[in-house]
Amino acid sequence: MYIFIQVSFAGWSMPVQYSNLGVLASHLHTRENASLFDVSHMLQLRLSGRDRISFLEKLVVADIEELPFGSSTLSVFTNENGGIIDDTVICKHEDYIHIVSNAACADKDLTHIREEMKKFRGDVDLKVIDDHALLALQGPKAVSALQELCGKDLADFKFMTARQLNIKSSDCHVTRSGYTGEDGFEIGIPSSASVQIANFLLKYPGVQLAGLGARDSLRLEAGLCLYGHDLDDTTTPVEAGLTWTIGKRRRNEGGFLGAEHVLPQIKGGVTRRRVGLIVEGAPARENAEIYNNENELIGNITSGGPSPSLQKNVAMGYVKQGYHKSSTKLQVKVRNRMQKAQVVKMPFVPTRYHK
């Protein structure tokens, strides 16, 4: 039996940690073995209709047209000012598009998509996938555990691709992805079979349940953004260091909401940028102020905490243009004390995706 500490999140009761492993132990276990995260709170959508690609390209910055069938991409929904409404993973299949976005933004995302559908003159249909759970199996032993369960060699299943897998007689939508920096899979499972499949995975040596606490420290080490903290509707993809999500064709043609604000920033620059920091002393948490060495306020922390893997304090935040270059020495105010900090490249911990 697993006992967990829970919190309320976006209308869901979510485990922060389980009784058998604390957050630190669970974090390190994921890096060394495999952890199973229940992420069923995420919004799962299915977009169909012959004009689904042209419709979606009005809402996100990705080049969906050129994305191969069976491939996935990280993208962002933008508003008319180029701000980020939400980040999302998009999987393109031959007859539909599978979309996963954040639970905390579910109502906002659905309202936005449906409002844009009313304006759109074309054939497109949206279905909320509310009869499927979503499990994230993450870590170096994830592939061997899933291979045993589905009875297939998954060596040719590459990072950021998706396919249907039959797992214990259940048809599951599986992507080789996750939000930890490790190899792993996100498995969409019919709700009726989710507990059974989770229990099968937990029988595999090295697989343990993990909660939101470890998920947050893992994504921070991987330099991955958390919406509502590192991203919001006033932040553009260029400011957030997500220019790479804007497809080459989209940079030339635009066509997404706010493109007239975002595209000039690619060449013309921005006034602030997201950076990674190594912080000396106490951990720098969200809203801590960032200063240059002349004690001028130049930004603020958006995510931060101890890195279990590095045994150092790491953080992400936004600083004025010009202070974003690697090795730049700065200061962070923590509990009214100035602490030394240095800009470093992200991810803080090298990723181990199966490419």
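Modeller: Let's start at I167. Skipping its neighbours within four places in sequence, I167 is in contact with L146, L149, C150, C172, V174, I187 and I197 (contact being heavy atoms within 4.5 Å). Bear in mind that this is a predicted model, where local features need pLDDT of at least 70 and side-chain atom pairs count only at pLDDT 80 or more, while totals for chains, interfaces and linings use all residues. Residues are numbered from 1 along each chain as its sequence is written, and side-chain values use heavy atoms, with hydrogens and water left out.

Now the sheet. Six strands make an open, mixed sheet, ordered β10-β11-β12-β9-β3-β13; helices (H or I, at least four residues) and strands (E, at least two) are DSSP runs numbered from the N terminus, and strands pair if DSSP finds at least two bridges between them. The edges are β10 (162–167) and β13 (207–210), each with a single partner strand, so one side of each has no neighbour in the sheet. From one strand to the next, the twist averages 30° (axes are lines fitted to C-alpha atoms, for helices over the stretch in contact, with angles from 0 to 180 degrees between N-to-C directions). Further in, β3 (34–38) and β9 (132–138) pair antiparallel over 4 bridges, and L36 sits opposite L137 in β9. Helix α4 (142–150) packs on this sheet, touching β3, β9, β10, β11 (170–175), β12 (184–190) and β13, its direction at about 55° to that of β10.

I167 turns up again in the largest nonpolar core: of its 28 residues, L36, L137, L146, I167, V174, F185 and I187 touch the most other members. Such a core is a set of buried Ala, Val, Leu, Ile, Met, Phe, Trp, Tyr and Cys residues joined through side-chain atoms within 4.5 Å; buried is under 20% relative accessible area and exposed over 50%, with a 1.4 Å probe and protein chains only. Elements giving two or more residues include α5 (191–202), but α4 gives the most, with 6. A second, separate core has 22 residues, including I53, F55, F77 and I113.

I113 leads us to α3 (106–119), where A106, D109, L110, H112, I113 and E116 are buried. They cover an arc of only 165° around the axis, which puts them on the same side of α3 (the arc uses directions from the helix axis to C-beta atoms). D107, K118 and K119, on the other side, are exposed.

Definitions and conventions: The expected span of a helix is 1.5 Å times one less than its number of residues.
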